[in-house]
Amino acid sequence: MYNAFFGFTANPFNMSPDPSFLFRSAQHEEALANLIYGVQSRKGFIVLTGEVGTGKTTMLECLRDFLNSQQISFASLFNSRLTVDQFFEMLSYDLDLRCNRLSKTEVLITLNSMLLERASAGRTTVLIVDEAHNLDWDVLEEIRLLGNLENRRGKMLQIVLAGQQELDRKLEAPEFRQLKQRIALRCALKGFDREETAAYIQTRMARAGLANQAVISPELIEEIWFRSQGIPRLINAICDNLLLTAFAMETRKATIEMLDEVTADMRLEYPAARPPERTFHSDPAYPERVFRQSPTRSRVERA
Ligand SMILES: Nc1ncnc2c1ncn2[C@@H]1O[C@H](COP(=O)(O)OP(=O)(O)OP(=O)(O)O)[C@@H](O)[C@H]1O
Ligand SMILES: [Mg+2]
């Protein structure tokens, strides 16, 4: 909507996990290197965890691009709320196994011979499961058993599990002990720090055609980092709404007032937006007063 107004050739803050907008922060670079290394060196289980919106699915998209470029076969499951039967059916669809896909026995036999054939030709196969924190225990157990298939050169199926932090907690449970022991590589994503947030915003805007942007000032970017806690999806949502507001007001400069409006509309919670318990209870006019004397606002004004 606002692309032509600001001179963008594409939407800079699209919400989709698009690798062409990848910002190579140190942690994303490391996560991707781990995923690729784990697959190439046939490590077996690789786990990627992180808070909501930190870039896990984006990393998996990058891994898929890599696998495609290397002609490595993979199955990729996005909907992890599956029964065991559905899991095997989806796996066989993705790997294009020629068998009765409704029979777990047939799927396992066909999968095994496919993996053996590929392994003897020096090739590996990958199973990617996103949102793995939602997997049922019995599906996770089947995945663990698939991870046992190996020849003398290593695991025949590389398994990448990505999910929110609950996945880490789930793997700590006594019933997942065996699986936990088999995890060869782990990586975790968290929110960006303030420098990374600034670089992230600049990179996305440059990639969308606006190098050296002056729409969002460094002070405002600092405030966006603070309010989003550096979570990429929140940064995208804030910046997208901020650009839309500036466009609606026909200005090429975003302001702190616009940011206040955007984060209030998003119902975004961040430390300064939450009134301290004591004051809130003792002073019914508190929210209005905080709005007028917002500490975040005065920080920006001082800067
Ligand atoms: N390193 C990055 N470079 C560019 N964009 C990123 C990066 N990390 C995250 N994003 C952007 O942040 C948004 C959220 O990313 P993504 O969907 O990958 O997060 P997620 O961790 O899978 O979230 P969820 O926990 O909800 O599944 C997307 O718009 C994505 O493009
Ligand atoms: Mg995701």
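Me: Buried means under 20% relative accessible area, exposed over 50%, partly exposed in between (1.4 Å probe, protein chains only). Why does Phe-6 count as buried?

Reply: Its relative accessibility is 7%, which is under 20%, so Phe-6 counts as buried. This is a predicted model, in which local features need pLDDT of at least 70 and side-chain atom pairs count only at pLDDT 80 or more, while totals for chains, interfaces and linings use all residues. Residues are numbered from 1 along each chain as its sequence is written, chains are lettered from A and ligands numbered from 1 in the order in which they are written, and side-chain values use heavy atoms, with hydrogens and water left out.

Me: What makes Tyr-2 buried?

Reply: Tyr-2 has 3% relative accessibility, so it is on the buried side of the 20% limit.

Me: How many aromatic pairs are there?

Reply: The structure has 11 aromatic pairs. Rings of Phe, Tyr and Trp (its six-membered ring) pair if their centres lie within 6.5 Å; planes under 30 degrees apart are stacked, over 60 edge-to-face and the rest tilted.

Me: What makes Tyr-2 and Phe-6 a pair, and of which kind?

Reply: Their ring centres are 5.9 Å apart, within the 6.5 Å limit, so they pair. Their planes meet at 70 degrees, which is over 60, so the pair is edge-to-face.

Me: How do you know which kind of pair Phe-23 and Tyr-200 form?

Reply: Centre to centre, the rings of Phe-23 and Tyr-200 are 5.9 Å apart, with 70 degrees between the planes. That makes this pair edge-to-face.

Me: What makes this pair a tie between parts of the chain?

Reply: Phe-23 is in the loop between helix H1 (3-6) and helix H2 (26-40), and Tyr-200 is in helix H9 (residues 194-207), so the pair links parts 177 residues apart in sequence. Helices (H or I, at least four residues) and strands (E, at least two) are DSSP runs, numbered from the N terminus. Phe-23 and Tyr-200 are both buried.

Me: Which residues make up an aromatic cluster with Tyr-2?

Reply: Tyr-2, Phe-5, Phe-6, Phe-8 and Phe-247 form one cluster. Over the face of Phe-5 lies Arg-252, at 4.1 Å from the ring centre. The cut-offs for a charge over a ring are NZ of Lys or CZ of Arg within 6 Å of the ring centre and within 35 degrees of the ring normal. Arg-101 sits over the face of Tyr-93, at 4.4 Å from the ring centre.

Me: What makes a set of residues a nonpolar core?

Reply: Its members are buried Ala, Val, Leu, Ile, Met, Phe, Trp, Tyr and Cys residues joined through side-chain atoms within 4.5 Å. The largest core here has 34 residues; Phe-87, Leu-91, Leu-127, Ile-143 and Leu-161 touch the most other members. Elements giving two or more residues to this core include strand E1 (45-50), helix H5 (104-120) and strand E3 (125-129). H5 gives the largest share, five residues. Another core, of 30 residues, lies apart and includes Phe-8, Ile-224, Ala-254 and Leu-259.

Me: Why does Thr-125 count as buried, and what does it touch?

Reply: Thr-125 has 0% relative accessibility, so it counts as buried. Thr-125 is in strand E3. Beyond four places in sequence, its contacts (heavy atoms within 4.5 Å) include Ser-73, Met-114 and Leu-157. Its side chain also makes a polar contact of 2.9 Å with that of Arg-118. A polar contact is a pair of N or O atoms within 3.5 Å; within protein, one must be able to donate a hydrogen and the other to accept it, and residues adjacent in sequence count only if both atoms are side-chain atoms.

Me: Is Arg-64 buried or exposed, and how do you know?

Reply: Arg-64 has 8% relative accessibility, so it counts as buried. Arg-64 is in helix H3 (residues 56-69). Leaving aside neighbours within four places in sequence, Arg-64 contacts Phe-74, Ser-76, Phe-78 and Ile-128.

Me: Which residues are closest to ligand 1?

Reply: Phe-23, Lys-56, Thr-57, Thr-58 and Arg-204 are the closest of the 23 residues that surround ligand 1 (a heavy atom within 4 Å). A polar side-chain atom of Lys-56 is 2.7 Å from an oxygen atom of ligand 1. For Thr-58, an N or O atom in the side chain is 2.6 Å from an oxygen atom of ligand 1.
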